[in-house]
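Subject: Structure handover

Hi there,

Here is the structure I promised to pass on to you. Please have a look at it first, and then read on for my notes.

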Amino acid sequence: MAAKLPASMRALQISKFGSNAVLQLNRNAKLPVIQRTDQVIVKVAATSLNPIDVQIRGGYSAKMIQRMTQKQGMFPLTLGRDFAGTVIEIGSSVRRVKVGDKVWGTCLPFGTGAHAEYTVASQMAMAIKPDFLSDIEAASIPFVGSTAWAGLAGRAKISAHKTKGKKVLILGGSGGVGTLAIQMIKAWGGSVVTTCSSDAMALVKSLGADVAIDYNSSNAWADIESEGKYNAIFDLTGKNEDEAVRLVAKRGYYVTLHNPLIQMMEDMGIFRGALRGSNTLLRKSLRQSWKYGSTYNWLYPVGNGLALDKLTPLFKDGKMKPVIDRKFTFEEITKAYEVFENGHARGKTVISIEPDVE
């Protein structure tokens, strides 16, 4: 039986795209409703910030969001992807979770986000929360964990059974995705070379990175090249693609989180932009294969509850741990956005929605 919901809720919303000045903590926001049979309403205990939240606030993927929300209208738009909380209501086809379950997962960026007291998400974008992770810890993981899993196990074919003895370069290893990717590769028996700023080197080495290179150093690329060819390169920065693709070993993989597809659809329209993006990806893939004998891929991060299930044993066995940079209360969430946007990420920024949540 579904729990009785309040008449309204608190939610961080925007009524137009722009800077942090458009952020509004609405104390009388409408509660989400189930619109598909596979959806679940969750009472949120904790959430976290990802770069995509700041990008969407600024208008990234606006046309896609408009298309997906045309029935109910795009604004007010509730931000936030990650959540940890309790299932309150489920759609008729939901089988992965039940009312009362503690869950962790990810929302789509279309309408009802997780920076709110209640959110709605697909059952396949969530999983049962491990009881050994607190709500704060769990809320830091779903989006970046799913992204790291998709980039490594999905695109780069780096997994528990295929990693031992392989060398992976992570460009930008100190953020949310990078800190988990380092730990995943080490847990699976691979070696890691990563780039970061000088003040993040101690962090990435503590997570298991074999070599940490200051990306601000004038010798950065010489140092990266001195480590030889890489079985996989996971590019989380998108700043030096031309240099990076040359360093992939034959039959290796280059995977970048930064691809132009969404921006092409914004600039050219969804159909034309998608066509241009497909052609660009095909051209780059063929060039990578012909010139270097390796594979080139773009990564599109989405929530994945099955990936969270796969990662759970690594956290349980102590082979991975959440990396949390800062914690804020829900009343401080606009400040959290300011700090997050102005600083260099060292893991995740987490927001407690419920009072005294741990």
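**Salt bridges**

Asp 38 and Arg 36 form a salt bridge, with their closest N and O atoms 3.0 Å apart; the term means a side-chain nitrogen of Lys or Arg within 4 Å of a carboxyl oxygen of Asp or Glu. Arg 36 is partly exposed, at a relative accessible area of 40%. For accessibility, buried means under 20% relative accessible area, exposed over 50%, and partly exposed in between, with a 1.4 Å probe and protein chains only.

Before going further, please keep in mind that this is a predicted model, in which local features need pLDDT of at least 70 and side-chain atom pairs count only at pLDDT 80 or more, while totals for chains, interfaces and linings use all residues. Residues are numbered from 1 along each chain as its sequence is written, and side-chain values use heavy atoms, with hydrogens and water left out.

The structure has 15 salt bridges. Another one joins Arg 81 and Asp 53, at 3.6 Å from N to O. Arg 81 sits in the loop between strand S4 (77–78) and strand S5 (82–90), and Asp 53 in helix H1 (residues 51–57), so this pair ties together parts that are 28 residues apart in sequence. Helices (H or I, at least four residues) and strands (E, at least two) are DSSP runs, numbered from the N terminus. Both partners are buried: Arg 81 has 3% relative accessibility and Asp 53 has 0%.

Salt bridges with shared partners also link Arg 10, Arg 27, Glu 117 and Glu 331 into one network. Glu 331 belongs to the loop between strand S15 (324–329) and helix H12 (333–342), whereas Arg 10 is in strand S1 (residues 9–14), so the bridge ties together parts that are 321 residues apart in sequence. Glu 331 is partly exposed at 42%, while Arg 10 is buried at 17%.

**The sheet around S1**

S1 also belongs to an open sheet of three strands, ordered S2-S1-S4 with antiparallel pairing. Strand S2 (24–29) and S4 are the edge strands, each with a single partner, so one side of each has no neighbour in the sheet. Two strands count as paired if DSSP finds at least two bridges between them; S1 and S2 have four, in the antiparallel sense. Met 9, for example, has Ala 29 in S2 as its bridge partner.

In the segment before S1 you will find Lys 4, which is exposed at a relative accessible area of 82%. Lys 4 and Ile 88 are 84 residues apart in sequence, with 8.4 Å between their C-alpha atoms.

Helix H4 (residues 142–155) has 14 residues and should span 20 Å at 1.5 Å a residue; its end C-alpha atoms are 18 Å apart, which agrees. The expected span is 1.5 Å times one less than the number of residues. Eleven of the 14 residues are buried, so H4 is largely enclosed by the rest of the structure. Among the buried ones are Phe 143, Trp 149 and Leu 152.

In helix H5 (residues 176–187), have a look at Thr 179, which is buried at 1% relative accessibility. The side chain of Thr 179 reaches the backbone oxygen of Gly 175 at 2.8 Å. Leaving out residues up to four places away in sequence, Thr 179 touches Gly 173, Ser 174, Leu 203, Leu 207, Val 323 and Gly 347, where contact means heavy atoms within 4.5 Å.

**Backbone points to check**

Most residues other than glycine have a negative phi, and most peptide bonds are trans.

- Lys 157 has a positive phi near 55°. Lys 157 lies in the loop between H4 and strand S9 (167–171) and is partly exposed at 37% relative accessibility.
- Arg 251 also has a positive phi, of about 65°. Arg 251 is in strand S13 (residues 248–256) and is exposed at 72%.
- The peptide bond from Phe 75 to Pro 76 is cis, with omega near -5°. Pro 76 is in the loop between helix H2 (62–68) and S4.

Notes: A polar contact is a pair of N or O atoms within 3.5 Å; within protein, one must be able to donate a hydrogen and the other to accept it, and residues adjacent in sequence count only if both atoms are side-chain atoms.
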